[in-house]
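Please look at the model below and keep it in view.

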Amino acid sequence: MARSNHVIVVGTGLAGLTATYELLQKKVSVTLLEKTNQFGGNSIKASSGINGVKTYQQTTLHNINDDSIDSFINDSIKSAKSLANKDLINILASNSKNAVDWLSKDLKIELNYVAQLGGHSHPRTHRGSNLPPGFAIISALKKYLENFDSINSNHNLNILKNSKVIELIKESNSNLNTNTNTNKIIGLKYLDLNSNKINSIYGPVILATGGFSADFDSEDSLLKQYRKDLLSLPSTNSAQTTGDGQKLALKVGAKLIHMDQVQIHPTGFIDIQDPLNKWKILAAEALRGVGGLLFNTQGDRFGNELLTRDKVTESIFKNFEQIGINQETDKKVLIILNESSYNKMKMNFDFYIKRGLLFKSSIRELNKQLGFSKENNKILKNLIQVNKYINGIEEDEFGRTVFSDEPFDLSQELDSSIYYGYLTPVVHFTMGGIKIDSNARVLTEDSNNHEVVLKGLYAIGEVSGGVHGANRLGGSSLLECVVFGKVAARSVSEYI
Ligand SMILES: Cc1cc2nc3c(=O)[nH]c(=O)nc-3n(C[C@H](O)[C@H](O)[C@H](O)COP(=O)(O)OP(=O)(O)OC[C@H]3O[C@@H](n4cnc5c(N)ncnc54)[C@H](O)[C@@H]3O)c2cc1C
């Protein structure tokens, strides 16, 4: 039976953990379910950071004072295109400072670096110097929740790992006078993967089950249903990202929105020892933010690397066509970086180098690997040209205005050192999902086809749709998890 003052949260990514944290602060008891045996979902992999405007880090540490909430809203609307939902974007941007403050002040996570990612008009994506942002954030929340002292609190936290939610329980009430049928969600059923038993628990439910960027093969695959054309691409997501929440919600009548809007990230690393592996490690957008340049395998740049992800991806596919690349195995581009970029992202570079994804070598060695003739100096020539943009001598032919802080050291000509790796576009993020209102409540239709709230059900993070429209800006997903995690906690605690 339903316990009073009790909420069920499904998923231990950043959205679920934020909602859980907030509910505990509000003295609400929480049952937190996770289908795998560990915390973190895709959130733990986040490598570029979280957006925030007018934060202490942005203004005081980096002296960036000309950014504003309006400017962030404009960038987000532009990126979301005709699918922009201004109400949701407004909530996202207006709460970004609070979100970063919460992480850095309350949870004491260092987020002192601020980078400018594609589609942003200002540097506003925060990360730390020692740990990747997703790992740092999830670790801090996990520590807090695992140490939460239920015994000395008058509310409790029950964490159930290896517990896969398989059904939402709906209560239906027909009102013959008004000819309406009101539904509400009163709990869920989950499969305990340890005992193989199905159990039920009762209470309002917050779905925080993530996206569907790894849902290639399941019987009811959402990628097959909505984006068949993407099935041959690799993915950056972990295998558990199979759209469970969207499927569960659909079965109880929730509306889904923008399900065909799937973000193809332009830069997944190709491991040259295992080039066809379906699961790729992301080349963080921050690599381009700190100066990374994209080249085709003929040694030419082909676009502004700091446009939004959809545009960079489009330019890569267009360039494949232009230079006649059709074979799946040949679909790769190069990222080239210099020492000054290395100094800004040492931790990430060292990780990629250790994994055999990024290499430090001379331009000559790279030319050899690309099969260039001895006379082919294209890469060197193009880097000399880029140095002119970095030094402000000429304007970039593709319109890029932000490069690495320092130029490439090309004093050794072909023997000069660079960092490089091979990249390919990857399925990365699903903008579509469960339709929500500005209180993170799930929307459905009543028997008169009017859009109404499906009581007792909330959706936050990547499982929800509509916040990012047609394209998500880098750094806005972690932000969405925090902002709407808090919104849902407030909203559900008013409901119970
Ligand atoms: C490699 C990579 C790098 C990224 N970098 C960034 C970045 O720098 N900045 C940024 O803003 N965004 C980034 N993103 C996107 C961002 O990390 C995710 O979109 C976001 O963290 C999603 O969080 P979430 O809490 O909604 O879902 P997730 O973190 O994916 O968590 C969902 C959880 O729900 C669980 N679950 C699913 N179904 C069930 C079920 N039926 N029962 C029980 N549990 C279930 C899953 O196992 C999982 O643990 C990145 C994504 C990837 C893959």
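This is a predicted model: local features need pLDDT of at least 70, side-chain atom pairs count only at pLDDT 80 or more; totals for chains, interfaces and linings use all residues.

Residues are numbered from 1 along each chain as its sequence is written, and side-chain values use heavy atoms, with hydrogens and water left out.

Q: How many aromatic pairs does the structure hold?
A: There are 14 aromatic pairs. Rings of Phe, Tyr and Trp (its six-membered ring) pair if their centres lie within 6.5 Å; planes under 30 degrees apart count as stacked, over 60 as edge-to-face and the rest as tilted.

Q: Why is the pair of Tyr21 and Tyr144 called tilted?
A: The ring centres of Tyr21 and Tyr144 are 4.6 Å apart and the planes stand at 45°, so the pair is tilted.

Q: What makes this pair a tie between parts that are 123 residues apart in sequence?
A: Tyr21 belongs to helix 1 (residues 14-25) and Tyr144 to helix 6 (residues 133-146), so their pair ties together parts 123 residues apart in sequence. Helices (H or I, at least four residues) and strands (E, at least two) are DSSP runs, numbered from the N terminus.

Q: Is Tyr21 buried or exposed?
A: Buried means under 20% relative accessible area, exposed over 50%, partly exposed in between (1.4 Å probe, protein chains only). Tyr21 has 8% relative accessibility, so Tyr21 counts as buried. Tyr144 has a relative accessible area of 26%, so Tyr144 is partly exposed.

Q: Why is the pair of Tyr420 and Tyr422 called edge-to-face?
A: The planes of Tyr420 and Tyr422 are at 85° and the ring centres are 6.1 Å apart, so the pair is edge-to-face. Both Tyr420 and Tyr422 are buried.

Q: Which ring does the charged end of Lys278 sit over?
A: The charged end of Lys278 sits over the ring of Phe216, at 4.1 Å from its centre. A charge sits over a ring if NZ of Lys or CZ of Arg is within 6 Å of the ring centre and within 35 degrees of the ring normal.

Q: What makes Ser491 count as buried?
A: Ser491 has 7% relative accessibility, so Ser491 counts as buried. Ser491 is placed in helix 15 (residues 476-495).

Q: Why is Lys164 called partly exposed?
A: Lys164 has 31% relative accessibility, so Lys164 counts as partly exposed. Lys164 lies in strand 7 (residues 163-175).
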